[in-house]
Amino acid sequence: MNGDNFKEWFQSILPRLDPRSIIVMDNAPYHSVQTEKYPTSSARKSVILEWLNAKGVTFDRPMLKPEFLAKVRELKPREKSYVIDNLANNAGHTVLRLPPYHCEFNPIELAWAMVKGYVKRENTTFKANDVRQLLYTAIDRVTPENWQNFIKHVIDEENNIWKVDDIMDEIIDGMEPCVLTITGDTSNDSSD
């Protein structure tokens, strides 16, 4: 999968969604193609200068690469803009991006686990065409009731995380401030 293939597939399903749908998106690289690529410190100086010139920035004196990068940071928006999010927004939908490394908040992970489990249990020939048919059968076996259960599980997980957050806040708020005072000679003198 890559960004172009995902974009093409995503555009094909947008018209099929209910109006004002919320689309949960994880952080796979092909979900997170930015609308504009910004130069980074690994870019050649000429590439950075070309990008800045395209933005209408001109310089009246020679500058070092860190100075160019500082100008890039000034022009770069604080929030990232993603191709997929813009497509969804233009179609009247909202993309909800999951925090990195938190697949427990994504109900599709539970659906895929169900599908893969079925294929694993039922696969006896290990032939590509048989596995493909098992995959289609497994996907058909995911019912609306399964999906509702997956969503409920994710909501329960989210509620548990909120409870942990509340407990952490109580612990941190209840702690006395700690002040470290160092007096005297702090050198490692072992003349005792």
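I work here with a predicted model, in which local features need pLDDT of at least 70 and side-chain atom pairs count only at pLDDT 80 or more, while totals for chains, interfaces and linings use all residues. Residues are numbered from 1 along each chain as its sequence is written, and side-chain values use heavy atoms, with hydrogens and water left out. Helices (H or I, at least four residues) and strands (E, at least two) are DSSP runs, numbered from the N terminus.

**Entry 1: aspartate 173.** Is aspartate 173 buried or exposed? I noted a relative accessible area of 66%, so aspartate 173 is exposed. The terms are these: buried is under 20% relative accessible area, exposed is over 50%, and partly exposed lies in between (1.4 Å probe, protein chains only). I also looked up the separation of the C-alpha atoms of aspartate 173 and valine 119, which is 49 Å. These two residues are 54 residues apart along the chain.

**Entry 2: asparagine 106.** I located asparagine 106 in the loop between strand 2 (94–97) and helix 5 (107–122). Its relative accessibility is 6%, so asparagine 106 counts as buried. I then listed its contacts (heavy atoms within 4.5 Å). Leaving aside neighbours within four places in sequence, asparagine 106 touches Val24, Asp26, Leu98 and Val154.

**Entry 3: helix 5 and helix 7.** I found that the axes of these two helices come within 8 Å and cross at roughly 130°. Axes are lines fitted to C-alpha atoms, for helices over the stretch in contact, and angles run from 0 to 180 degrees between N-to-C directions. The angle makes helix 5 oblique to helix 7. Angles under 35 degrees count as roughly parallel, over 145 as roughly antiparallel, 65 to 115 as roughly perpendicular, and the rest as oblique. On the helix 5 side, Pro107, Ile108, Leu110, Ala111 and Met114 make the contact. On the helix 7 side, the contact is made by Asn146, Trp147, Phe150, Ile151, His153 and Val154.

**Entry 4: helix 1 and helix 4.** Helix 1 (residues 3–13) packs with helix 4 (residues 83–90) at an angle of about 15°, and their axes are 11 Å apart. I therefore recorded helix 1 as roughly parallel to helix 4. Phe6, Lys7, Phe10 and Gln11 of helix 1 meet Val83, Ile84, Leu87 and Ala88 of helix 4.

Entry 5: Which residues of helix 2 (residues 45–54) are buried? I noted Ile48, Trp51 and Leu52. Down the axis of helix 2 these fall within an arc of 100°, so they line one face of the helix. The arc is that of the directions from the helix axis to the C-beta atoms. An α-helix has 3.6 residues a turn, so residues three or four places apart point the same way. Glu50 and Ala54 are exposed on the other side of helix 2. Helix 3 (65–75) is included in what covers the buried residues of helix 2.

In helix 3, I found Phe68, Leu69 and Val72 buried. They cover an arc of only 100° around the axis, which puts them on the same side of helix 3. The face turned away from that buried side carries the exposed residues Pro66, Arg73 and Glu74. The buried residues of helix 3 pack against helix 2. Just after helix 2, I noted that glycine 56 takes a positive phi of about 85°.
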